[in-house]
Amino acid sequence: MSNIVTRMASTADTDSLARLAKQTFLDAFEKFNEPQNIRAYVKSAFSPSQIAVELLDEDSVFFVAERDSMLVGYAKIRQGEVPACVAAASPAELHRIYVEQSVLGTGIGQMLLDAAIETSRAQQHDVLWLGVWEHNLDAVAFYERFGFERVGEHPFMMGAEQQTDFIMQLTL
């Protein structure tokens with residue numbers, strides 16, 4: 001996709017990133033979850049104020065994919081708390097990676113993942129790990145194609161409902 005540009009996000013992207021994050025999350029999960037649970041999660045996780053806080057966090061890096069100056073995908077890596085099943089001296093988490101429905105399957109997810117891997121290596125991380133919903137089999141297969149392996153699981157709260165995420169890691 002020659003008209004796609006990936007770059008690090010900045011605070012100037014706050015509003016458009018918040019809109020993209022909310023929409024891509026809803027597209028991916030709304031039909032599988034209770035309306036009150038998804039609304040509660042989206043309201044807290046993807047408000048412009050929350051995205052602004054995350055963009056300013058020194059332990060986080062956002063990447064965005066743009067087509068014709070419009071955001072069509074994003075990824076976020078961060079440092080922080082790590083599940084016990086992740087065996088690494090210096091791990092980074094692929095906290096989020098989402099692409100608009102209209103461009104799924106066009107290589108944008110791979111471009112964002114490549115940027116996350118490259119940055120994690122440059123920051124001297126030895127493992128990139130993530131949590132992926134156990135029922136999101138397309139995403140699990142996507143990560144497996146890039147060498148991620150399942151190493152455990154942990155709970156994920158979707159509003160008031162506890163779900164299970166598989167923990168996957170890639171040795172860098």
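Predicted model: local features only at pLDDT ≥ 70, side-chain atom pairs only at ≥ 80, totals over all residues.
Seven strands make up an open sheet with mixed pairing, in the order E1-E2-E3-E4-E5-E7-E6. Its edges are strand E1 (4–8) and strand E6 (149–158), each of which pairs on one side only. From one strand to the next, the twist averages 25°.

Ile4 has Arg67 in E2 as its bridge partner.

## Helices on the sheet

Helix H2 (residues 35–45) packs on the sheet and touches strand E4 (91–99), E6 and strand E7 (161–171). The direction of H2 makes about 100° with that of E6.

Helix H3 (residues 48–56) also packs on the sheet, where it touches E2, strand E3 (70–78) and E4. The direction of H3 makes about 115° with that of E2.

## His125

His125 is found in the loop between helix H4 (108–122) and strand E5 (127–133). Is this residue buried or exposed? His125 has 6% relative accessibility, so it counts as buried, the cut-off being under 20%.

The side chain of His125 has a polar atom 3.0 Å from the backbone oxygen of Ser90. A polar atom of that side chain also lies 3.3 Å from the backbone oxygen of Pro91. Leaving aside residues up to four places away in sequence, His125 touches Gln79, Ser90, Pro91, Ala92, Ser120 and Leu172.

## Aromatic pairs

The whole structure holds 14 aromatic pairs. One of them is Phe25 with Tyr98, an edge-to-face pair at 6.0 Å centre to centre and with 65° between the planes. Phe25 belongs to helix H1 (residues 14–29) and Tyr98 to strand E4, so this pair links distant parts of the chain, 73 residues apart. Phe25 is buried, at 3% relative accessible area, and Tyr98 is buried too, at 17%.

Phe62 and Tyr74 count as stacked because their ring planes are at 25°, with the centres 6.3 Å apart. Since Phe62 lies in strand E2 and Tyr74 in strand E3, the pair ties together parts 12 residues apart in sequence. Phe62 is buried, with a relative accessible area of 3%, and Tyr74 is buried with a value of 0%.

## A cluster and a charge over a ring

One aromatic cluster is formed by Phe25, Phe29, Phe32, Tyr41, Phe46, Phe62, Tyr74, Tyr98, Trp133 and Phe156. Both pairs described above, Phe25 with Tyr98 and Phe62 with Tyr74, have their members in this cluster.

Elsewhere, Arg150 lies over the face of Phe166, at 3.7 Å from the ring centre.

Key
Residues numbered from 1 in each chain as written. Heavy atoms only, no water. Pairing = 2+ DSSP bridges. Helix = DSSP H or I, 4+ residues; strand = E, 2+ residues; numbered from the N terminus. Axes fitted to C-alpha atoms, helices over the stretch in contact; angles between N-to-C directions. Contact = heavy atoms within 4.5 Å. Buried < 20%, exposed > 50% of the residue type's maximum accessible area, 1.4 Å probe, protein only. Polar contact = N/O pair within 3.5 Å; in protein donor to acceptor, adjacent residues only side chain to side chain. Phe/Tyr/Trp six-rings, centres within 6.5 Å; stacked < 30°, edge-to-face > 60°. Lys NZ or Arg CZ within 6 Å of the ring centre and 35° of its normal.
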